Amino acid sequence: MKPKDLVISLVYFLIFGALQILLFFNMALFGYAFCYIYLGFLLILPIDTPKLLMMLIGMGTGLIIDIFYDTLGIHTAACVLIAFLRPHIINILTPRGGYDTGSQISLSSLGFQWVATYATLLILIHHLVLFFLESWGFHIFFFTLLKAICSTLFTLTVFLLSQYLFYSPRGYK
Amino acid sequence: MQRLFDFLYSYRAFLFFVLLETISGWLIVKNNNYQSSAFFNSSNYYAASILKTKSNINEYFSLKEVNAELVRENTRLNNALIIERQKKSLYKEKKSDSLKTHQFEFIAARVINVSSRRANNYITINKGTEDSVREFMGVVSPQGLVGRVKKCSEHFSTVISLLHDRMYISSKIKTKNIDGTIGWDGKNPRIVNLRHVPIHHTVAAGDTVITSGYNAIYPEGIMIGIVQKAQVNERAEYEIDVLLSTDFSMLTYVYVIDNKLRPEIDSLERATMEGTDR
């Protein structure tokens, strides 16, 4: 991770954090679908972020979101899990020829299909963990599952839209 | 020994992951009982200031509803006041009566953050210890019951909403004096359940549910909601759905209830419990 990446990541953290707290905070589409767009920040960190640092960043992000939501530990647990799984999922999804060194996770460098698969997997895992931890058990299983799936679709849509907003099609340098 | 270190080193990412998840798990458990640290919640100064700025902006868009609500409440209070004045002119007070009529004091507060769609919901209000709000005080709105104070900082407090899986309110049906407990099943934010009602009572749709006043947190007679559906299930228990009178998505102003006699009630009850143990 270069210093330049660090500054860019910090800016993304502020953008995604502000979106979450100021816009999507208590928004619930149809009463089921929530948008946890702050996750976008963890998804687009540079590929070569060291594993341990990644988990610490995940923990910090989760903790800050938890303070606002009064759900201490729940977002933290889900984010640490995402930060842990992310390198493995990136490995599984390696395109033919591997990744370029220092490459960014973006539509222009990896293509829509790759980004969509990657984001769907991680967002779904995050939301499942989050909603089941929140309801603290499986006593309202299908209701919670429905909420998790609807929210995944919502977050995913907003995340992909944000990717189209942030990156120019000619490539990001 | 060397091999052990090699082993630990090669699994360092996984071990670190387990460590962080353990910390998160510990935070969840610790936050679930009521003695959690005051810093890590939304009554924290920095978090609360951001939420307050946000609600300041949002408030302009709901001014009309808030005004209408305040006018309605004023009318209701004026009517109640006239009745009380007439009563007072008929009966003279004794000293203990005057203490009891001033038993509950209301502290008005503005809601700066509220949720109703999550599995456990919390509210942040803009009054804290400096405005003599304390933990465990009851919170009501003009429409009805809201919750109980969980944590206070100097200028802000967080409130456990009635829409929380560990919130149980001792309540009764108004005209019939049937006791029960109000709890939320985590699904619909407008519906709560009245539990533990013996089946020899008759409960019908349209009955009014109010607080029973059996604890030192809420006075008797605070509106909770209207019975929407009441039926006996196959285990011979009543299943009663109550439509809440408070709409949590529209909450703007609330009152925190300070029970002046609470220390006296608490110490008396504790003394009684200890007495029976011996």
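Reply: Let's begin with the word itself: two residues are in contact if their C-beta atoms, placed from the backbone, lie within 7 Å. This is a predicted model, in which local features need a pLDDT of at least 70 and side-chain atom pairs count only at pLDDT 80 or more, while totals for chains, interfaces and linings use all residues. Residues are numbered from 1 along each chain as its sequence is written, and chains are lettered from A and ligands numbered from 1 in the order in which they are written.

Now to your contact. Chain B brings 28 residues to it and chain A brings 25. On the chain B side, α2 (12-32) and α3 (45-59) each supply at least two residues. Names like these refer to DSSP runs numbered from the N terminus: helices (H or I) have at least four residues and strands (E) at least two. α2(B) gives the most to this side, with 10 residues. Sorted by class, the chain B side has 11 nonpolar, 11 polar and 6 charged residues. Here Ala, Val, Leu, Ile, Met, Phe, Trp, Tyr, Cys and Pro count as nonpolar, Asp, Glu, Lys and Arg as charged, and the others, Gly among them, as polar.

From here, follow chain B into its sheets. A closed barrel of 6 antiparallel strands runs in the order β1-β2-β5-β4-β3-β12. Neighbouring strands of this sheet are turned by 45° against each other on average, direction ignored. For all such angles, axes are lines fitted to C-alpha atoms, for helices over the stretch in contact, and the values run from 0 to 180 degrees between N-to-C directions. The helix α3(B), one of those supplying residues to the side that touches chain A, comes back here. α3(B) packs on the sheet, touching β1 and β2 of chain B, and its direction makes about 85° with that of β1(B).

You can trace part of the barrel strand by strand. Two strands pair if DSSP finds at least two bridges between them. β1 (residues 104-114) and β12 (residues 253-259) of chain B pair in the antiparallel sense over 7 bridges, with B:F104 partnered by B:N259. β1(B) is joined to β2 (residues 122-125) by 3 bridges, again antiparallel, and there B:V111 stands opposite B:I125. β2(B) in turn pairs with β5 (residues 157-161) over 4 antiparallel bridges, where B:I123 faces B:V159.

Next, step back to the domains of chain B. Its domain assignment gives domain 1 (45-161 + 250-258) and domain 2 (169-245); such bounds come from an automatic or database domain assignment. The C-alpha centres of these two domains of chain B lie 23 Å apart. In the contact between them, 12 residues of domain 1 meet 13 residues of domain 2. On the domain 1 side, β3 (138-140) and β4 (145-152) of chain B each supply at least two residues. That side divides into 6 nonpolar, 4 polar and 2 charged residues.

Chain B has another barrel to find: 6 strands close in the order β6-β7-β8-β11-β10-β9, with antiparallel pairing. β8 (residues 191-195) and β11 (residues 238-244) of chain B pair over 4 antiparallel bridges, and B:I191 has B:L243 as its bridge partner.

Finally, look at helices in the partner, chain A. α3 (residues 51-69) and α4(A) pack at about 155°, with their axes 7 Å apart. That angle makes α3(A) roughly antiparallel to α4(A), since angles over 145 degrees count as roughly antiparallel, under 35 as roughly parallel, 65 to 115 as roughly perpendicular and the rest as oblique.

Residues making the contact include A:L81 and A:L85 of α4(A), and A:L122 and A:I125 of α6(A). By class, this contact has 14 nonpolar, 2 polar and 2 charged residues.
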